[in-house]
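Let's take a walk through a protein model together.

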Amino acid sequence: MSGAGKTVCVTGASGYIASWLVKLLLQRGYTVKASVRDPNDPKKTDHLRALDGAKERLQMFKANLLEEGSFDAMVDGCQGVFHTASPFYHAVTDPQAELIEPAVKGTLNVLGSCARSPSVKRVVVTSSIAAVAYSGKPRTPDVVVDETWFSDPEVCKASKLWYVVSKTLAEDAAWKFVKERGIDMVTINPAMVIGPLLQPTLNTSAAAILSIINGSPTYPNTTFGWVNVKDVANAHIQAFEVPSASGRYCLVERVVHYSEIVKILRGLFPALQLPEKCEDDKPFVPTYQVSKEKAKTSLGIDFIPLEESVKETVESLKEKNFFKA
């Protein structure tokens, strides 16, 4: 029980990664203060209240990313702060208001609360591979992306990759802020996060798998890195607990094209109706590599294989009735 007697907080606690983070923190004996936009919404809180240890050691707070000082009460008295809250969806009409401002301003508001609280020893921020891999440099099978890469917001704006822009600007602003204020911060940069869902709502990355198994005639001509949600939640805790942890950590078990995901699904679930062809006739978007070295050696992450993550995702989507097999 490494967390016994310690208090930490998790922002955006009802989210996919955050729910797993709260679960694992409670398992390790921590007292957890959790922020949600609406503590009275059972869809946001029931699955958290049902976790082992929640009755004794979970406290809910209402907080708004865009409201300065909104996190002060929650952060006060915490040794560790896990900032996971940030919008993640693709269909946006106003990227500035829907993605960029909540990501950047929200991160700075949480860090501002940390700067005002003498109890905080370390902040762990959920960033994304989106803030790493989109630099404009070519990504091909022999290229290895690592923590020294930074996405270029201008390159991403030109391609209208608004989620990527939001995560890149937020992480950039965070590093500048903590440098000025002397805050100890670590960022976790996962790729597409899949695996079992704890929350009752469908999240964007699980929806990527659902779209393939739900009768779609084609699969996207896209290549992504993939990682299990349990590894991501564990990496956050390790980033707080391991004294030598520092900087950024890329979390990617494997980078594969959607055609490979279909192939894995076909092997695991032969009865599923799966797409037979790609959405276009263009050459497949190439894969690339992401270094696991730092996450393995510094945080001790032993990545769950992609096949297992895909299997767990499908089983969880079935269990939660998101599709009828």
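By class, the lining of the largest cavity has five nonpolar, six polar and two charged residues. Here Ala, Val, Leu, Ile, Met, Phe, Trp, Tyr, Cys and Pro count as nonpolar, Asp, Glu, Lys and Arg as charged, and the others, Gly among them, as polar. This is a predicted model, where local features need pLDDT of at least 70 and side-chain atom pairs pLDDT 80 or more, while totals for chains, interfaces and linings use all residues. Residues are numbered from 1 along each chain as its sequence is written, and side-chain values use heavy atoms, leaving out hydrogens and water.

So what's a cavity? On a 1 Å grid over the protein atoms alone, it's a set of points where a 1.4 Å probe fits but cannot get out, and lining residues have an atom within 4 Å of a point. The lining here has 13 residues, and Thr107, Val125, Thr126, Lys167 and Ala170 lie nearest the centre. Two or more residues each come from α5 (95-115), β5 (122-126) and α7 (162-181), with α7 giving the largest share, four residues. Helices (H or I, at least four residues) and strands (E, at least two) are DSSP runs, numbered from the N terminus.

Now for the sheet. Three strands form an open one in the order β8-β10-β12, with mixed pairing; two strands pair if DSSP finds at least two bridges between them. At the edges sit β8 (192-194) and β12 (254-257), each pairing on one side only. Strand β10 (residues 223-228) runs antiparallel to β12 over four bridges, and Thr223 has His257 as its bridge partner in β12.

Conventions. 1 Å grid on protein atoms, 1.4 Å probe; cavity = no way out; pocket = protein on both sides within 12 Å on 5 of 7 lines; lining within 4 Å.
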